[in-house]
Amino acid sequence: MFNMFKRKPKAIRIGDIAPDFKAETTTGDINFHEWIGNSYAMIFSHPKDFTPVCSTELSRTAALKPEFDKRNCKIIGLSVDSVSEHTSWESDIADVCSNFNGAPINFPLIADKDKKIAELYGMIHPAELDNLTIRSVFIIGPDKKVKLMMTYPASTGRNFNEILRALDSIRLTADHKVATPVDWKNGDDCIIVPNVDDIKAKELFPNGWNALKPYLRIVSDPTNNQNK
Ligand code: BEZ
């Protein structure tokens with residue numbers, strides 16, 4: 001029955017401070033914000049341990065961990081299973097990971113048995129998957145603000161290369177007055193953000209830009225020395 005006195009946590013939006021929490025994980029207890037420290041962080045949920053798609057996703061993420069490390073981004077998984085279930089499932093994943101271009105799990109998994117963190121982050125979608133966490137991803141910055149949110153259905157495995165691509169964009173645009181166009185990848189041309197007028201743009205991009213329209217100004221990647 002609907003409990004009118006149970007307050008639902010407020011929905012998280014990009015730009016919000018990511019809710020802080022204490023949690024039990026496969027590598028010990030953590031305080032989330034403290035654990036993030038001065039890094040970026042990806043917290044991502046999967047529906048259940050010992051399920052097929054989740055096994056492929058977590059092993060692939062483990063294989064990509066060096067790429068997350070290069071980008072100063074920590075990784076932490078979450079589901080409503082216990083630490084002992086997580087560790088037992090990790091052995092299964094180690095057995096099969098080579099089939100999925102994956103690796104044995106090399107990052108902590110949060111045991112959220114009482115669903116407190118899942119509720120806090122809006123990872124429970126009863127209409128999609130009854131009382132389990134669906135496939136949610138949050139990228140959080142060193143400032144503890146939410147930079148990206150993604151929600152996938154239980155039946156669709158995620159592409160963590162796309163998350164790395166988005167992380168590259170997030171890190172670039174945090175430091176430079178550019179945005180990144182469709183299908184952009186590291187090193188490709190960027191777009192001067194609309195709130196930089198042409199006078200300011202001349203200062204920031206002395207090598208110039210290609211204005212396809214007054215609002216669509218293409219500039220080379222500002223981390224290439226040309227524009228420094
Ligand atoms: C899976 O990981 O395969 C899965 C988990 C929950 C629902 C559907 C698929």
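The shell around the ligand holds five nonpolar residues, one polar and one charged. Here Ala, Val, Leu, Ile, Met, Phe, Trp, Tyr, Cys and Pro count as nonpolar, Asp, Glu, Lys and Arg as charged, and the others, Gly among them, as polar. This is a predicted model: local features need pLDDT of at least 70, side-chain atom pairs count only at pLDDT 80 or more, and totals for chains, interfaces and linings use all residues. Residues are numbered from 1 along each chain as its sequence is written, and side-chain values use heavy atoms, with hydrogens and water left out.

**The ligand**

- Pro47, Thr51, Pro52, Val53, Cys54, Arg135 and Ala154 surround the ligand; a residue counts as near if one of its heavy atoms lies within 4 Å.
- Helix H2 gives the largest share of this shell, three residues. Helices (H or I, at least four residues) and strands (E, at least two) are DSSP runs, numbered from the N terminus.
- The side chain of Thr51 has an N or O atom 3.0 Å from an oxygen atom of the ligand.
- Val53 places a backbone N or O atom 2.8 Å from a ligand oxygen atom.
- For Arg135, a polar side-chain atom lies 3.1 Å from an oxygen atom of the ligand.
- On its own the ligand has 260 Å² of accessible area, and the protein covers 77% of that. Such areas come from the Shrake-Rupley method with a 1.4 Å probe; for residues, only the protein chains shown count as cover.

**The whole protein**

- The protein has seven helices and 11 strands.
- Its C-alpha trace spans about 60 × 50 × 30 Å along the principal axes.
- Of its 228 residues, 43% are buried. Buried means under 20% relative accessible area, exposed over 50%, and partly exposed in between (1.4 Å probe, protein chains only).
- The accessible surface of the protein is about 12,300 Å², and 52% of it belongs to carbon and sulfur atoms.

**The nonpolar cores**

- In soluble globular proteins, nonpolar side chains tend to be buried together.
- A nonpolar core is a set of buried Ala, Val, Leu, Ile, Met, Phe, Trp, Tyr and Cys residues joined through side-chain atoms within 4.5 Å.
- The largest core has 27 residues; Met42, Phe44, Leu58, Phe68, Phe107, Ile139 and Ile163 touch the most other members.
- Elements that give two or more residues to this core include strand E3 (40–45), helix H2 (52–63) and helix H6 (160–175).
- H6 supplies the largest share, six residues.
- A second, separate core has 21 residues, among them Trp35, Ile110, Ala118 and Val146.
- Leaving out residues up to four places away in sequence, Phe44 touches residues including Leu58, Ile75, Phe107 and Phe160. Contact means heavy atoms within 4.5 Å.

**Thr25**

- Thr25 lies in strand E1 (residues 22–25).
- Thr25 counts as buried because its relative accessibility is 4%.
- A polar atom of the Thr25 side chain lies 2.9 Å from the backbone nitrogen of Thr27.
- The backbone oxygen of Gly28 lies 2.7 Å from a polar atom of the Thr25 side chain.
- Beyond its neighbours within four places in sequence, Thr25 contacts Ile30, Ile76, Val83, Pro108, Leu109 and Ile110.

**Ile105**

- Ile105 sits in the loop between H4 and strand E5 (109–111).
- Ile105 is buried, since its relative accessible area is 16%.
- Not counting residues up to four places away in sequence, Ile105 touches Leu58, Ser59, Ala62, Glu90 and Ile93.
- Ile105 and Tyr215 are 110 residues apart along the chain, and their C-alpha atoms are separated by 45 Å.

Definitions and conventions
A polar contact is a pair of N or O atoms within 3.5 Å; within protein, one must be able to donate a hydrogen and the other to accept it, and residues adjacent in sequence count only if both atoms are side-chain atoms.
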